[in-house]
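Please look over the sequence and the model below.

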Amino acid sequence: MTLHLAIIPGMRITRRVFTPSQLEELGRLSRKVTLNQEEGNPSPETVKRLIQGADAVITSWGCPPLDSELLAEAPDLRALLHAAGSVKTVVTPALWERGIQVTGAASVLSRGVAETTLGLTIASLKNMWQIIDYTRNKDWWGFQQDSVRSRIREMYGITIGVIGAGHAGRHYIKLLQGFDVKIHLSDPTYTEVQAAELGAKLVPLEELLAAADVVAVMAPEIPETYQLLNEDRLGLMKDDAILINPARGSIIHEEALIRHLKLGRFFACLDVTEPEPPASDHPFRTLPNVVLTGHIAGAVNNGLLQIGKFITDEWERWVQGVPMEGRIDPVKLSFLA
């Protein structure tokens, strides 16, 4: 049987995600590949042309939702492989109605998010940001007698609170197992037994915020998490705590966060804001207890090639009749990022 695979992202995205050898492997497994040769994001008209007669389609950033009108061009379509994070940008009810299998590379991107969060955790506990400023602009040894030194902490005997244990949160907790720290988890989709299996203690959000030395926001952007960390909840945090947000800016009430930061209560590492980027005169840009990292927690450069490898492996699994590792359950879609 000749399988027809349509790769619909523009070449600007395809080159960043897939190596030439990975594209060759997709071709070997497919026997027939329709590759979008245009540079920019594909229009619905382009997608219609590309997916005609396809058995499976690869999507990524910039691809339009596959609605019933587009799917009409591919009556034999049985699988969608999303070479990016959230599949919500491309899936529609029409896909589920037709029983099309959907897989995505969110787990791959989440590894980078977790690794970046661990890096920010260690650097912030070590008070690296102030020490870098001191050693560059002030007396090299001055911070030894300054309060800067007293704020240095190690990855030992502290409590780290993780809000959300999706792909990123789980991997972050896994990485933390190498340190002698307590891990508190708040996630309404987990039981105490499931949290314990990860190596964490399941606690209510308010308890987590009050106990944690580091709070890592790893929750998905869904209606239930909109401004989850509001004025009252931020007020529960320790005065010397560290807040790290590599998830989405909308999960934190930013005006409330600004008020707490202006009081110098805690330190914040923000990879994301709402909106992005923050205005040129936004307090996040000038407050001394804020680090902005410009939405780089996930894959940016060579890390993106992990997506191509994952999708290539997923396609091989599907061709061989093996369950795809990243397959999306439509029932659980509302809880995913």
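The model is predicted. Rolling a probe the size of a water molecule over the atoms shows where empty space is left. Here the count comes to 1 cavity of 30 Å³ or more. The volume of the largest cavity is about 30 Å³. Its lining is made up of Asn245, Gly249, Ile252, Glu254, Leu257, Leu270, Val272 and Phe284. By residue class, this lining has 5 nonpolar, 2 polar and 1 charged. Glu254 is the charged member, because Asp, Glu, Lys and Arg are the residues counted as charged.

The aromatic side chains come next. The structure holds 1 aromatic pair. The ring centres of Trp315 and Trp318 lie 5.2 Å apart and the ring planes meet at 10°, so this pair is stacked; the cut-off for stacking is planes under 30 degrees apart. Both tryptophans belong to helix α15, which covers residues 305-319. Trp315 and Trp318 are 3 residues apart there, about one turn of the helix.

Are these two side chains buried or exposed? Trp315 has 0% relative accessibility and therefore counts as buried. Trp318 has a relative accessible area of 12%, so it is buried too, since the limit for buried is under 20%.

One further contact involves a ring and a charge. The charged end of Arg317 sits over the ring of Phe310, at 5.9 Å from the ring centre.

Notes
Residues numbered from 1 in each chain as written. Predicted model: local features only at pLDDT ≥ 70, side-chain atom pairs only at ≥ 80, totals over all residues. Heavy atoms only, no water. 1 Å grid on protein atoms, 1.4 Å probe; cavity = no way out; pocket = protein on both sides within 12 Å on 5 of 7 lines; lining within 4 Å. Points joined across faces, edges and corners; volume = space filled by probe spheres on them. Phe/Tyr/Trp six-rings, centres within 6.5 Å; stacked < 30°, edge-to-face > 60°. Helix = DSSP H or I, 4+ residues; strand = E, 2+ residues; numbered from the N terminus. Buried < 20%, exposed > 50% of the residue type's maximum accessible area, 1.4 Å probe, protein only. Lys NZ or Arg CZ within 6 Å of the ring centre and 35° of its normal.
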